[in-house]
Amino acid sequence: MKVESDTVLHLADLSNFSISDAENKSLQKDLDGILKYISQLDEIDIDEVEPTYQVFEMENVWRDDEILPQDASRDELLALAKEQKDNQIKVPKVL
(Lines give C-alpha, C1' and ligand atoms only; values in the text may rest on other atoms or scores of the structure.)
Protein backbone atom coordinates (compact mmCIF):
# COMPACT_ATOMS: atom_id res chain seq x y z
CA MET A 1 0.00 0.00 0.00
CA LYS A 2 1.43 3.33 -1.04
CA VAL A 3 0.69 6.31 1.21
CA GLU A 4 -0.49 9.25 -0.85
CA SER A 5 -0.11 12.94 -0.08
CA ASP A 6 -3.88 13.28 0.43
CA THR A 7 -3.77 10.55 3.09
CA VAL A 8 -1.04 12.36 5.02
CA LEU A 9 -2.96 15.64 4.77
CA HIS A 10 -6.13 13.92 5.98
CA LEU A 11 -4.28 12.42 8.97
CA ALA A 12 -2.74 15.81 9.76
CA ASP A 13 -6.19 17.41 9.59
CA LEU A 14 -7.66 14.77 11.91
CA SER A 15 -4.78 15.40 14.33
CA ASN A 16 -5.25 19.15 14.03
CA PHE A 17 -1.68 19.58 12.71
CA SER A 18 -0.54 21.90 9.98
CA ILE A 19 2.32 20.47 7.92
CA SER A 20 4.48 21.83 5.16
CA ASP A 21 5.06 20.12 1.80
CA ALA A 22 8.49 18.94 2.98
CA GLU A 23 6.96 17.43 6.12
CA ASN A 24 4.25 15.81 3.99
CA LYS A 25 6.85 14.09 1.81
CA SER A 26 8.85 13.01 4.85
CA LEU A 27 5.75 11.61 6.55
CA GLN A 28 4.76 9.77 3.35
CA LYS A 29 8.16 8.08 3.33
CA ASP A 30 7.99 7.26 7.06
CA LEU A 31 4.44 5.87 6.87
CA ASP A 32 5.37 3.78 3.81
CA GLY A 33 8.25 2.28 5.79
CA ILE A 34 6.04 1.57 8.80
CA LEU A 35 3.35 -0.11 6.69
CA LYS A 36 5.97 -2.14 4.82
CA TYR A 37 7.45 -3.30 8.13
CA ILE A 38 4.04 -4.23 9.54
CA SER A 39 3.08 -6.07 6.34
CA GLN A 40 5.84 -8.58 7.16
CA LEU A 41 3.43 -9.98 9.74
CA ASP A 42 1.29 -11.29 6.85
CA GLU A 43 4.12 -13.63 5.91
CA ILE A 44 4.14 -15.44 9.26
CA ASP A 45 2.54 -18.89 9.30
CA ILE A 46 0.19 -18.97 12.28
CA ASP A 47 -1.90 -22.01 11.33
CA GLU A 48 -0.52 -24.10 14.21
CA VAL A 49 -0.61 -21.29 16.79
CA GLU A 50 -3.37 -21.46 19.37
CA PRO A 51 -5.09 -18.11 20.05
CA THR A 52 -3.92 -16.42 23.22
CA TYR A 53 -6.28 -14.40 25.37
CA GLN A 54 -3.95 -13.85 28.31
CA VAL A 55 -0.22 -13.51 27.67
CA PHE A 56 0.85 -13.60 31.31
CA GLU A 57 0.62 -16.65 33.52
CA MET A 58 -1.78 -14.98 35.91
CA GLU A 59 -4.62 -16.39 37.91
CA ASN A 60 -6.81 -15.14 40.72
CA VAL A 61 -5.73 -16.07 44.20
CA TRP A 62 -8.78 -16.82 46.26
CA ARG A 63 -9.03 -17.12 50.00
CA ASP A 64 -11.89 -17.85 52.34
CA ASP A 65 -13.43 -14.87 54.08
CA GLU A 66 -13.07 -15.28 57.80
CA ILE A 67 -14.40 -13.07 60.55
CA LEU A 68 -11.62 -12.87 63.10
CA PRO A 69 -12.07 -11.70 66.67
CA GLN A 70 -11.18 -8.04 67.24
CA ASP A 71 -9.51 -6.59 70.30
CA ALA A 72 -11.57 -3.38 70.25
CA SER A 73 -15.29 -3.11 70.80
CA ARG A 74 -17.67 -1.00 68.73
CA ASP A 75 -17.97 1.55 71.53
CA GLU A 76 -14.18 1.87 71.87
CA LEU A 77 -13.79 2.46 68.14
CA LEU A 78 -16.62 5.03 68.05
CA ALA A 79 -14.97 6.86 70.95
CA LEU A 80 -11.96 7.51 68.70
CA ALA A 81 -14.08 9.49 66.20
CA LYS A 82 -14.36 13.29 66.47
CA GLU A 83 -18.13 13.16 66.00
CA GLN A 84 -20.68 10.38 66.12
CA LYS A 85 -24.42 10.10 65.73
CA ASP A 86 -26.71 7.07 66.07
CA ASN A 87 -23.79 4.69 66.69
CA GLN A 88 -22.07 5.84 63.48
CA ILE A 89 -19.10 8.05 62.70
CA LYS A 90 -20.24 11.46 61.47
CA VAL A 91 -18.22 12.89 58.57
CA PRO A 92 -18.53 16.11 56.56
CA LYS A 93 -20.95 16.06 53.65
CA VAL A 94 -19.24 15.38 50.31
CA LEU A 95 -20.91 16.54 47.11
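**Group meeting: a spread-out chain and its contacts**

Asp 32 counts as buried because its relative accessibility is 17%; buried means under 20% relative accessible area, exposed over 50%, and partly exposed in between, with a 1.4 Å probe and protein chains only. I start with that residue and work outwards.

First, the ground rules. This is a predicted model, in which local features need pLDDT of at least 70 and side-chain atom pairs count only at pLDDT 80 or more, while totals for chains, interfaces and linings use all residues. Residues are numbered from 1 along each chain as its sequence is written, and side-chain values use heavy atoms, with hydrogens and water left out.

Back to Asp 32. It sits in helix H2; helices here are DSSP runs of H or I with at least four residues, strands are runs of E with at least two, and both are numbered from the N terminus. What does Asp 32 touch, leaving aside residues up to four places away in sequence? Met 1, Lys 2 and Val 3, where contact means heavy atoms within 4.5 Å. The Asp 32 side chain also comes to 2.9 Å from the backbone nitrogen of Val 3. That is a polar contact, meaning a pair of N or O atoms within 3.5 Å; within protein, one must be able to donate a hydrogen and the other to accept it, and residues adjacent in sequence count only if both atoms are side-chain atoms.

With Lys 2, Asp 32 forms a salt bridge, the closest N and O atoms being 3.2 Å apart. This pair links distant parts of the chain, 30 residues apart: Lys 2 is in the segment before helix H1 (5–14), and Asp 32 is in helix H2. A salt bridge here is a side-chain nitrogen of Lys or Arg within 4 Å of a carboxyl oxygen of Asp or Glu. Lys 2 counts as exposed because its relative accessibility is 58%.

Gln 28 is also in helix H2. At 16% relative accessibility, Gln 28 is buried. A polar atom of its side chain lies 3.1 Å from the backbone oxygen of Val 3. Beyond residues up to four places away in sequence, Gln 28 touches Val 3, Glu 4, Ser 5 and Val 8.

How many salt bridges does the structure hold? There are 3. Besides the one described, Asp 65 and Arg 63 meet at 3.8 Å, N to O, and both residues are exposed. Glu 83 pairs with Lys 90, with 4.0 Å between the closest N and O atoms. Glu 83 is partly exposed at 46%, and Lys 90 is partly exposed with a relative accessible area of 46%.

Now the overall form. The secondary structure comes to 3 helices and 2 strands, in the order α-α-α-β-β along the sequence. The radius of gyration is 31 Å, well over the 12 Å that the globule rule gives for 95 residues, so the protein is more spread out than a compact globule. That radius is taken over C-alpha atoms, and the rule is 2.2 Å times the number of residues to the power 0.38. Along its principal axes the C-alpha trace spans about 75 × 45 × 15 Å. Asp 21 and Leu 68, 47 residues apart along the chain, have C-alpha atoms separated by 72 Å. Buried residues make up 8% of the 95 residues.
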